[in-house]
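This report is a guided first reading of one protein chain. Please keep the sequence and the structure at hand while following it.

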Amino acid sequence: MISDHQADNLPKDLLIVQDKRRLNFSRGIAINIGSDAKSYVPGDSLIIDIEGSTLDRVDGILQIKNITNNKISKVASDRPVAVTLTNTARIAANPDHFESTLVALVKAGVGYTPKEGQVISGDFEINDGFGTINVQTDPNSPIAKLPQLRMANYFGIIFIKKDGDKLVPYHRLRSSKDLIELKSVYKTPKVIITGWMNDPAGSDSNHEYMQFMATEDIDFSKTPMSVVTNNNATRARPTGVPQKGWATGGMRTYKFDLTKGKVQKGKLFYVGGSNKLINGNGSTSIKEANWIQSYDYSKNNGFDFGNRTSNLLANSGFAYGIAIFEGTKIDDKSIPEDVVFVATGGSLYADNKGYRIANTDVYDIINPLTLEEQPFYRSGTNTNAHTYNTPANLGHFNYMGGEYNLTLGRWTKVRVKHNPILTKQSLLSEIEDPEFLTKLVE
């Protein structure tokens, strides 16, 4: 049993049950038993005799009808209730898979900054970075008095309404406990990672580079920053979990300081090798781009830490990462402005040591479900990683396309990697295409 009618915010008379026996997928069904639906609570384990009943979609909701309370036997109470952690894109793609099941939508918010006193009465739309879904709240329910929140977890049941031939999902909270405010600090990063070249055609040495977008005007002589890469291939030393995190140095992490130059809000800039070529040796020069730091990492050690290397970012299937920090003093406690990782291989995290993450579109310093701290890559839910491009050594550029809302201070579209193969003749415009770049909105 997952329905709870005590707050009068669910479709009346419907008992909602779910099971997870088949293929380990939760599937649910609504059962119309009239006012007796209120006599059951979440965690009740029921045996229901459906002989002589009918299955019908009423007001969009698939339900079993003609069931009376004497055909229901409660065999247990306080049983664990499974919650499916999902997102709005998955629900929209397969609404029938989630209908009448209990779900958790995390890091969701309305498309505006809520004012003090605004409540969730009626219908409103939430965005979790993957898409949107309508939340329905009965104005007469005590739930309707709950405040609208900047960012929250929404637990509740997915129902369906029909719009022509389409099945449209919507979400209903069961009680006030289903709305959990997230109080972790999701500050607006000064800079967002928007792309990188890790595997140009031919030699990587001094040809790798990274692309960034500023979310505000920055004069790096007044607001210095730094970019750090990590490489976790088997040959990278020191081995094992990086004890000093991003500041480990050696062949594991390499640092670039950004202390000169300027960039305007919404504009791109680059950090990487001094060759300034778009796709390795013999390719088009992109020296006209805004290079805040171009440095021959194949001949020089990094700023403060990092041994000179022919390969900043691994190509071997092991994990690599890119992070940008405010300031140039980096230690094991430094938290990036933004961070991305590719792959999962190598010694990355153990015993509260590893690479710290920022609160991003896919990483959370505090677990949004359990509210426990998880400040490192590969800790808790921070397991998201982009994949390697195949085949290798062709010159894939890694675009990061998403949407960051400056007014709301959060991602409203999670970044998705697009990886076109560049040629030796490719132009700068091919890696600055607005169609694939992350967009800033206000």
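## Overall build

The chain's secondary structure amounts to two helices and 28 strands, where helices (H or I, at least four residues) and strands (E, at least two) are DSSP runs numbered from the N terminus. The model is a predicted one, in which local features need pLDDT of at least 70 and side-chain atom pairs count only at pLDDT 80 or more, whereas totals for chains, interfaces and linings use all residues. Residues are numbered from 1 along each chain as its sequence is written, and side-chain values use heavy atoms, with hydrogens and water left out.

Along its principal axes, the C-alpha trace spans about 80 × 40 × 40 Å. The chain has 442 residues, of which 52% count as buried; buried means under 20% relative accessible area, exposed means over 50%, and partly exposed lies in between (1.4 Å probe, protein chains only). Among the contacts with a separation of 6 or more, 66% come from residues 24 or more positions apart, a contact being heavy atoms within 4.5 Å.

Four strands form an open sheet with mixed pairing, in the order 1-2-5-4, and two strands are said to pair if DSSP finds at least two bridges between them. Strand 1 (14–19) and strand 4 (54–58) are the edge strands, each pairing on one side only. On average, and with direction ignored, neighbouring strands of this sheet are turned by 35° against each other, the axes being lines fitted to C-alpha atoms (for helices over the stretch in contact) and the angles running from 0 to 180 degrees between N-to-C directions. Strand 4 pairs with strand 5 (residues 61–65) in the antiparallel sense over five bridges, and R57 has L62 in strand 5 as its bridge partner.

## Nonpolar cores

In soluble globular proteins, nonpolar side chains tend to be buried together. Here the largest nonpolar core has 28 residues, and those with the most contacts inside it are W196, F212, V227, L258, F269 and I322; such a core is a set of buried Ala, Val, Leu, Ile, Met, Phe, Trp, Tyr and Cys residues joined through side-chain atoms within 4.5 Å. Two or more residues are given to this core by each of strand 14, strand 15 (209–214), strand 17 (225–231), strand 18 (253–258), strand 20 (268–272), strand 22 and strand 23. Leaving aside neighbours within four places in sequence, V227 is in contact with residues including M210, F212, Y254, L258 and I322. Another core, of 20 residues, lies apart from the largest one and has F98, I143, L149 and L179 among its members.

## A buried glutamine

Q211 is found in strand 15 and is buried, with a relative accessible area of 0%. The side chain of Q211 makes a polar contact with the side chain of T194 (2.9 Å); a polar contact is a pair of N or O atoms within 3.5 Å where, within protein, one must be able to donate a hydrogen and the other to accept it, and residues adjacent in sequence count only if both atoms are side-chain atoms. Not counting residues up to four places away in sequence, Q211 also touches W196, F269, F397 and L437, among others.

## Salt bridges

The count comes to 14 salt bridges, each defined as a side-chain nitrogen of Lys or Arg within 4 Å of a carboxyl oxygen of Asp or Glu. In one of them, K107 meets D364 (2.9 Å, N to O). K107 lies in strand 8 (residues 102–108) and D364 in the loop between strand 25 (353–354) and strand 26 (398–405), so this pair ties together parts that are 257 residues apart in sequence. Both K107 and D364 are buried.

A second pair is E337 and K187 (2.7 Å, N to O), of which E337 is buried at a relative accessible area of 6%, while K187 is partly exposed at 48%. D56 and K65 form a further salt bridge (3.3 Å, N to O), and here D56 is partly exposed at 33% relative accessibility, as is K65 at 26%.
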